[in-house]
Amino acid sequence: GFMLPRARNKETSLDLDGSKVCVQAGTTTLLNVADYFRANNMKYEEVKFDKLDDVVKAYDTGKCDTLSADVSQLYALRLNLIQPSDHVILPDVISKEPLGPVVL
């Protein structure tokens, strides 16, 4: 999913052409974002970090204008932002990944 400042005034993920997207390296989210933008013929700039904390900090300090992560994760991450109510999580889902416990 995508989270962005409410002030950007975007309604759906299809409005994100030209965004600077912060994302965590080595995650399926990274691939999902690339696939989503390519499939919808939109351009974006990828800003990636190895640690999730660095991704969130970069977003919160304006190094990128969009944060992508799993939707359930975005709701948790938003609580840690300086002004959580200034940020909106877009309703559309860009991938359908099963989230559940794994037994090894």
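This is a predicted model: local features need pLDDT of at least 70, side-chain atom pairs count only at pLDDT 80 or more; totals for chains, interfaces and linings use all residues.

I started with His87, which counts as buried because its relative accessibility is 9% (buried is under 20% relative accessible area, exposed over 50%, partly exposed in between, with a 1.4 Å probe and protein chains only). Residues are numbered from 1 along each chain as its sequence is written, and side-chain values use heavy atoms, with hydrogens and water left out.

Back to His87: I found this residue in strand E5, residues 87-89 (helices, H or I, of at least four residues and strands, E, of at least two are DSSP runs, numbered from the N terminus). Leaving out residues up to four places away in sequence, His87 touches Met3, Leu4, Pro5, Arg6, Tyr59, Asp60, Arg78 and Leu81 (contact means heavy atoms within 4.5 Å).

Next I checked Thr29, in helix H1, residues 28-39. Thr29 has 15% relative accessibility, so I filed it as buried. With residues up to four places away in sequence not counted, its contacts are Val23, Ser68, Ala69 and Asp70.

Cys22 in strand E2 (19-24) is linked to Cys64 in the loop between helix H2 (52-60) and strand E4 (66-68), distant parts of the chain 42 residues apart. Their S to S distance is 1.9 Å. I logged the disulfide as left-handed because the torsion about the S-S bond is about -105°. Cys22 and Cys64 are both buried.

Methods:
A disulfide is a pair of cysteine sulfur atoms within 2.5 Å.
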